[in-house]
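Thanks, everyone. Please have a look at the model on the screen. I will take it piece by piece.

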Amino acid sequence: MSEQGNTPGQRRGYAGTWPPRGAAPVGGLAPRRLALWAPLIETLRQWARAEAGAGRLLPWVPVAFGTGIALYFAADHEPVLTVVAVTAITLCAAAFLLRRHKMFPIAVMIAAVAAGFAIATWKTARIAHGVLARPMFSVSLTGYVETRDIRERTDRFVLRVVTMESARDATKIERVRLSVKKGTAPDVGSFVELKARLLPPMSPLRPGSYDFGRDMFFSGIGASGFVMGAIKAAEAPDGGGWKLRYSAFMQGMRDAIDARIRTVLEGDKRAIATALLTGRRDAISEPVNEAMFISGLGHVLSISGYHMAVVAGVVFFAVRALLALFPTLTVGFAIKKWSAVAALAASAFYLLLSGAEVATQRSFFMTAVVLIAVMVDRRAITFRTLAVAALIVLTIAPEALVHPSFQMSFAATLGLVALVQLGMPRLFAQPDHSATAQVALWGGREITMLLLASLVAGLATTPYAAFHFHRVTPYGVLANLAAMPVVSALVMPAGLFGLVFMPFGFDGICWWVMGVGIDWMIVVTQWVAALPGAVGRVPAFGIGPLIAASIGIILLGLLRTPLRYTGVAVVLVAAVWAARVPQPDILISADGRNVGVRGQDGKLHLMRAAKVTSTGASRDGFLVREWLAADADARKPADASLTEGVSCDESGCVTQSAGGGFVALALRPEALADDCERAALVVTARQAPAACGASVIDAERLRRQGAMVLRRSVGGFTIDAVKPRGVDRPWSPAIAGEGDAETTILAPRRAAPRAVDATPSEADLQAEE
């Protein structure tokens with residue numbers, strides 16, 4: 001043991017404990033820092049090893065698969081299928097050969113990315129069809145009616161074209177979607193002839209907004225439009241095929257259900273009941289539909305995981321309770337597995353009845369995996385279940401990845417599965433404790449679970465709702481807590497029993513009970529939608545923050561160790577990024593008829609070629625609503641403040657931008673000369689003169705690039721267009737003949753020097769004399 005003593009110039013201590021002053025301390029400062037970092041590094045290594053452990057690879061495979069699909073949709077032009085397929089097969093084979101190597105996880109992820117890219121490329125090549133490029137004003141069509149939608153003001157149907165005749169264009173389209181006067185849509189399966197005006201599929205209304213044309217392409221539709229004149233029934237050249245007969249049968253069943261509901265319910269109650277059972281939700285009135293989405297209950301109208309789970313759950317427990325009445329079956333047979341089979345059959349029927357949309361497909365596949373797990377005595381609700389469902393959906397419909405329904409559905413499900421796996425097992429973990437037992441007795445467990453589920457699902461879907469719909473639901477938890485128990489316990493079970501009893505004629509009481517629950521749901525939605533601050537408007541922020549938020553949600557959901565909290569940091573970065581995205585200074589529609597200019601007050605001011613009625617009706621009302629929503633602007637298209645500071649006449653409109661310069665919308669050729677001389681920017685659907693000295697967006701540029709937004713920059717404007725230069729995809733083909741119109745910087749033109757009048761005045765001539 002060291003002896004106590006005195007060290008010269010230092011405190012009294014144990015000999016050898018303290019070094020002499022000025023001597024370097026043993027270990028120094030750097031080793032002490034390393035001593036602090038070493039445990040942290042070792043902890044991070046342990047967490048990383050835990051995340052890479054057995055069984056942790058599968059949930060990440062659909063993430064990599066989806067990344068490959070996202071890369072496909074981000075490509076500028078269509079990939080070469082043979083090259084993509086060979087690459088994917090080679091990488092998958094390499095991953096298989098490396099299955100016992102430590103590089104296997106990395107090889108699997110790379111192979112999954114390549115496979116996702118290849119699947120998306122193959123799907124596009126498999127369904128390739130013609131897409132209308134220019135409007136056709138009088139087209140004679142014959143064909144089979146494949147689907148029909150009953151909407152609030154007009155009806156709509158999809159026609160599989162057999163013959164197509166036009167005086168000016170020889171374009172051939174396989175399917176068209178046509179609007180007709182309400183009540184005049186032909187029956188599904190019928191063969192008709194008609195005349196129609198056809199339009200190309202709608203392109204995005206602004207850069208970054210939803211691509212309706214891409215959605216229609218993957219639905220097999222090459223044009224939209226409306227019927228002109230009467231629709232005549234004709235003799236079909238053949239039977240139309242088994243798919244058409246199946247569609248007609250299912251449509252007839254939906255119509256029969258809607259007719260039975262109509263005998264008891266009416267208005268929005270009938271429309272919502274039909275939407276919950278058949279997936280047809282277009283007949284819901286605009287005020288109620290808007291209130292549903294503002295309150296956060298809009299997910300009830302889209303058949304997804306919740307509806308499928310309720311259907312499977314009601315059938316499962318009803319069949320199991322019925323079988324349990326017979327002791328012989330209870331003792332000698334696995335009635336739990338029989339109940340799972342019945343629930344699976346009911347879920348499959350519900351999938352077909354509701355139209356098998358993407359969200360419904362995802363819900364069915366996940367429900368099927370859960371029920372199959374019950375049949376084989378495996379744990380049902382796991383990340384593997386979600387992973388398998390995601391892989392099945394993305395393999396069948398890779399285009400679902402870019403659809404808001406898929407994104408919101410899987411984000412919510414990922415959050416709920418993570419809640420079950422990580423949080424809910426510890427909720428009220430000691431039921432024998434008197435306090436927790438008392439709370440559970442009075443439904444505290446169920447209320448808490450519903451509250452947590454609503455909160456987690458709402459938070460998980462917030463980035464996608466903000467990106468696609470430009471709003472969030474601050475009171476979504478409140479609305480779900482008040483309405484969803486009634487929907488789960490009353491509305492959906494009553495609807496299912498109504499379907500069961502309908503063939504026997506005893507379904508009326510079920511529809512009445514269903515209507516009572518729907519009444520309560522409507523009351524809740526309208527009350528919540530009327531609360532102060534119920535509409536959380538969010539300006540458009542682009543795809544970058546959404547990708548970052550998605551990464552953060554995936555890290556939070558899939559990681560098991562404290563590394564998951566890195567997802568919180570990523571989500572916060574995405575939120576800050578989204579908040580700092582600058583809003584556009586000028587918005588221009590694809591046809592050049594509408595221009596939005598940010599004024600001195602920071603708000604958009606609109607120059608429009610079409611007149612707007614007092615109710616806001618105009619041919620461009622949908623476009624204006626989208627622009628205002630993307631700008632987090634609460635004004636309506638008919639709001640008078642939208643045209644404040646805008647001067648218009650028959651030749652065009654002029655307004656002043658926030659930067660002080662004038663922006664002109666030229667509607668007639670005679671207006672261009674004045675506008676080119678005085679405005680900083682001229683927008684026209686005509687060909688601008690070469691001598692125009694202003695920055696110009698003219699017909700040629702609009703034809704090639706579509707809608708665009710402009711942001712002020714040094715020396716001009718920076719352009720972000722719907723169709724940037726070099727982009728050529730099957731649903732958005734490039735226009736031939738690129739030129740300088742595709743530059744991303746718009747600068748003022750160099751105007752030719754104006755000719756000066758050389759005639760001297762009379763006064764000057766007289767003075768000279």
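One definition before we start: a salt bridge here is a side-chain nitrogen of Lys or Arg within 4 Å of a carboxyl oxygen of Asp or Glu. Keep in mind that this is a predicted model. By that rule, the count comes to 20 salt bridges.

Start with Arg729 and Glu78. Their side chains meet in a salt bridge, 3.0 Å from N to O. Where do the two residues sit? Arg729 is in the loop between strand 19 (716–721) and strand 20 (745–746), and Glu78 is in the loop between helix 2 (61–74) and helix 3 (81–97), so this pair ties together parts that are 651 residues apart in sequence. Is Arg729 buried or exposed? Buried, since its relative accessible area is 3% and the cut-off for buried is under 20%. Glu78 is partly exposed, with 23%.

Now a local pair. Arg262 forms a salt bridge with Asp258, and the closest N and O atoms are 2.8 Å apart. Both residues belong to helix 6, which covers residues 242–262. They are four residues apart, about one turn of the helix. Asp258 counts as buried, at 4% relative accessibility. Arg262 counts as partly exposed, at 45%. There is also a network: Glu146, Arg160 and Arg175 are joined into one by salt bridges that share partners.

One further pair. The side chains of Arg49 and Glu42 meet in a salt bridge, at 3.3 Å from N to O. Glu42 counts as partly exposed, because its relative accessibility is 33%. In general, side chains of opposite charge can pair when their charged atoms come close.

Next, the whole protein. It has 24 helices and 20 strands. There are 769 residues, and buried ones make up 42% of them. What about contacts with a separation of 6 or more? Residues 24 or more positions apart account for 66% of those. The accessible surface comes to about 39,800 Å². Carbon and sulfur atoms own 63% of that surface.

Let me zoom in on helix 8, residues 286–295. Which of its residues are buried? Val288, Ala291, Met292, Ile294 and Ser295. These buried residues pack against four elements: helix 7 (267–278), strand 8 (471–472), helix 17 (476–501) and helix 18 (508–529).

Which element gives the largest share of the patch? Helix 18, with three residues. Ile509 lies in that helix. At 53% relative accessibility, Ile509 counts as exposed, because the cut-off for exposed is over 50%.

Arg153, Arg537, Arg625 and Lys636 form a positive patch. Arg625 is found in helix 21, residues 621–630. How accessible is Arg625? Partly exposed, with a relative accessible area of 45%.

To recap, two items. Arg729 and Glu78 tie together parts 651 residues apart in sequence. Helix 18 packs against the buried residues of helix 8, and helix 18 also gives the nonpolar patch three residues.

How values were computed: Residues numbered from 1 in each chain as written. Predicted model: local features only at pLDDT ≥ 70, side-chain atom pairs only at ≥ 80, totals over all residues. Heavy atoms only, no water. Patch = residues over 30% accessible without salt bridge, like charges linked within 9 Å, V, L, I, M, F, W, Y side chains within 5 Å. Areas by Shrake-Rupley, 256 points an atom, 1.4 Å probe, with all protein chains shown as cover. Lys, Arg positive; Asp, Glu negative; His and termini not counted. Charge placed at Lys NZ, Arg CZ, Asp CG, Glu CD. Buried < 20%, exposed > 50% of the residue type's maximum accessible area, 1.4 Å probe, protein only. Contact = heavy atoms within 4.5 Å.
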